[in-house]
Amino acid sequence: MEPVAAIIRNNLIAVSSAKELAKVYGHLLQKSVSADSHSPDIEETIQNFLHDAVYAADAKYFAGLRALIKSFHDVNRSSWLEDFLVRIFDPIIWRSMKCANATVRSQASQLFLDVFPLQKQSSKPEECDAIIQKQFDQLAQLLKDADHKVRAIATRGVCTILREYWDALPISTIQTLLKYICDTLAVDTSSVVVRLAAISGIHDILSQPLSHSMMKNLLPLLSQSIYDKSDRVRLEFIKILVTVKGLREIHFYDIVSVDTLFMRLVHERHSAEIVGELTSLLFNSFFPPSEQGSTINKEHVKRCLNMIDQNLSAAEVFYSQLHLHLPTGAIAKFVAMLSNVLDTTAEALQASAGQLGPQSEAGPVSKHSKRSRTGKAIKEVRSSSMVDVALYIFSSLICADQRKPLSI
Amino acid sequence: MGIDAVLSTLHISIADLEGDGAPNLAFKAMNPTNVTKFFNSAAEFLTELSPSLTSEEGDEESASKALIISRLILKYSTEISSRPMEFIRLLTSIGTLLSAIDVEATNSTQLKSTLCQILEQVVADKDNNFSEYYPDILRYLLLESLKPTAKDSVIKRLNNSRLGFLALDMHHTESNGVRNLLLRAFANPLFLKTSEGNNFLVFILQNFAGKSTNTPMFRYLS
């Protein structure tokens, strides 16, 4: 077996697409070991590959060996294969995860997270429980590792495990792990990679429907991530909100208030990707799908005016993204409706100016005329804002053809 | 003995054998009375041609003639499963010729492939002493499959004959070449890419690289 193993090693080091090749070798080795043709020599070779992977100095070689070893646990695991994996991993993996070298710890933890759970089918229930508990403890320890790379790998791995095995894990273990990820790792100021791993891990968990009731209470803990100094973290967090928008149990505005989202829209105006996600998040709130079948209706204009009232700058950014979500015809209709409102407001202004003129010259201002003036001022502000918004929509339509960012 | 003399045993001439349907036509001419004569003369013909076929320069004309005869034999072996003793004797000359030809010219390559196919057919039918032909078949197919120009079909043929490896005496120093070729197969892209190649490698791993350290070939692979 050793010459064959040497050929595999040399090829994984020499070939540029080591991962693909490793999958083929892994597949060959996996098919050649089975319960009825048990081969201690192949078992020893695979254990040597695992040892090599843990202590690999070259990242490409590690990736290749990882793919090779993955071939054994990505298949349907029979009870024989479960025992086989325990025999292979047990002597190496535990001590490697406690090694002083951070690279060794990170590589060992990646392999451990890939193979999780290690179960001994042939042993007694108490022994099985002990092995599983040992693994839970190890997961918790990895999340608290001193090295940020290990913490990031562990966070991503733990989230994947939670997503995959949610219904099989004890609820107390899930709560402990998730609480630590949301409370500590998502706000890990020492490393962006860890924060990103935590946020994207939580995003990953949301694809598990059983997690939603617990996530409803935990997601508000992440609300500060919208102010994270890293673009990638903020973007990933907004992606969580977009995912939450599609869930019944959780409301995104319970995690981050709409006012905050408006403010972020203004602050992120130069980051196309984040603005795009924020617009997607808010789109249905300002363009609710109409029941009558028409794409644009008065309700949309009304909500537009509300947004202008709430935060003009946010409205400018939001409506400048309209071309990404609506067909040109619908936008034209929307702009036409806005201009109708403008015309009506202008006429009303003119009419009120005609009524107010002689009175103001004649004598003291009455309560009624005071209110009219205030109303007039509001209308003026609003109509000028509407002109701004309409202009943004027009210009964004023009820019949409050339796919240029809108210069405001 | 010339090719005309061999073909005359079937009452056909070389002119009859031009075109794609030639082996079919010749097969129709074969009957129990003339076929034994044909095999005897074919064995004699191939033995006589052997020195020119195996010479370093490689006689392309001789290879072409041998190819015509070997195609007729292949046609017979694929169609008829109960073969006369003359045919079995002929196989010895075919095996010797297959291992001796070391020329890479077009006709010689085709001739080797056809000779090997005759032996493969005999092995597939489990004819008398069929295991004797395994070393020649396996050595030829392994060498062919490891060439850069090898095609999937060669791997498929090798995989179909894989049980032959169990019949080989891997203790013998003569098997060193086969063992090295087997190891090279583990780094060959065609073996790694095709499902037939994968199955072949799994077979080798299962039978020669594991189970027990007493397995004869294990000592050589490990």
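Visitor: Which residues does Ile94(B) touch, not counting residues up to four places away in sequence?

Guide: The model is predicted, and what follows describes that prediction. With residues up to four places away in sequence set aside, Ile94(B) touches Leu46(B), Ile73(B), Leu115(B), Ile118(B) and Leu119(B). Ile94(B) itself lies in helix H5 of chain B, which covers residues 85-100. Because its relative accessible area is 0%, and buried means under 20%, Ile94(B) counts as buried. A further point of reference is Ala43(B), which stands 51 residues from Ile94(B) along the chain, while the C-alpha atoms of the two are separated by 8.2 Å.

The chain that holds this residue may be considered next. Chain B contains 13 helices and 0 strands, and its pattern along the sequence reads α-α-α-α-α-α-α-α-α-α-α-α-α. Buried residues, of which Ile94(B) is one, make up 51% of the 222 residues in chain B. Of the contacts in chain B that link residues at least 6 apart in sequence, 65% join residues at least 24 apart. The accessible surface of this chain comes to about 10,500 Å², and 50% of that area belongs to carbon and sulfur atoms.

Two helix pairs of chain B can be described in turn. Two packed helices are described by the angle between their axes and the distance between the axes. Helix H7 (residues 134-145) and helix H10 (residues 176-185) of chain B pack at an angle of about 35 degrees, and their axes are 10 Å apart. The crossing of H7(B) and H10(B) is left-handed. H7(B) contributes Arg139(B), Leu142(B) and Leu143(B) to the contact, and H10(B) contributes Val178(B), Leu181(B) and Leu182(B). By class, these residues of H7(B) and H10(B) are 5 nonpolar, no polar and 1 charged.

The second pair in chain B consists of helix H8 (residues 152-160) and helix H12 (residues 195-208), which pack at an angle of about 30 degrees with their axes 8 Å apart. H8(B) also passes its partner H12(B) in a left-handed crossing. On the side of H8(B), the residues involved are Ile155(B), Lys156(B), Leu158(B) and Asn159(B), and they meet Glu196(B), Gly197(B), Asn199(B) and Phe200(B) in H12(B). The contact of H8(B) with H12(B) divides into 3 nonpolar, 3 polar and 2 charged residues.

Chain A has 19 helices and 0 strands, and 50% of its 408 residues count as buried. Among the contacts in chain A with a separation of 6 or more, residues 24 or more positions apart account for 67%.

One helix pair of chain A is formed by H2 (residues 18-32) and H4 (residues 59-73), whose axes come within 7 Å and cross at roughly 30 degrees. Angles under 35 degrees count as roughly parallel, and H2(A) and H4(A) are therefore roughly parallel to each other. The crossing in which H2(A) passes H4(A) is right-handed. The residues of H2(A) in this contact include Ala18(A), Ala22(A), Tyr25(A), Gly26(A) and Leu29(A), and those of H4(A) include Lys60(A), Ala63(A), Gly64(A), Leu68(A) and Phe72(A). In the contact of H2(A) with H4(A) there are 8 nonpolar, 5 polar and 3 charged residues.

Two individual residues of chain A complete the account. Gln110(A) is found in helix H6 and, at 16% relative accessibility, counts as buried. Apart from residues up to four places away in sequence, Gln110(A) touches Phe62(A), Arg66(A) and Ile153(A).

Pro117(A) lies in the loop between helix H6 (102-115) and helix H7 (125-143) of chain A. A cis peptide bond, with omega about 0 degrees, joins Phe116(A) and Pro117(A). Pro117(A) is buried, with a relative accessible area of 10%. Leaving aside neighbours within four places in sequence, Pro117(A) is in contact with Arg77(A), Glu82(A), Ile132(A), Gln135(A) and Tyr165(A). Pro3(A), by contrast, is 114 residues from Pro117(A) in sequence and 32 Å from it in space, C-alpha to C-alpha.

Key:
Residues are numbered from 1 along each chain as its sequence is written. Chains are lettered from A and ligands numbered from 1 in the order in which they are written. This is a predicted model: local features need pLDDT of at least 70, side-chain atom pairs count only at pLDDT 80 or more; totals for chains, interfaces and linings use all residues. Side-chain values use heavy atoms; hydrogens and water are left out. Helices (H or I, at least four residues) and strands (E, at least two) are DSSP runs, numbered from the N terminus. Buried means under 20% relative accessible area, exposed over 50%, partly exposed in between (1.4 Å probe, protein chains only). Contact means heavy atoms within 4.5 Å. Accessible areas come from the Shrake-Rupley method with a 1.4 Å probe; for residues, only the protein chains shown count as cover. Axes are lines fitted to C-alpha atoms, for helices over the stretch in contact, and angles run from 0 to 180 degrees between N-to-C directions. Angles under 35 degrees count as roughly parallel, over 145 as roughly antiparallel, 65 to 115 as roughly perpendicular and the rest as oblique. A crossing is left-handed if the near helix is turned anticlockwise from the far one by less than a right angle, and right-handed if clockwise. Ala, Val, Leu, Ile, Met, Phe, Trp, Tyr, Cys and Pro count as nonpolar, Asp, Glu, Lys and Arg as charged, and the others, Gly among them, as polar.
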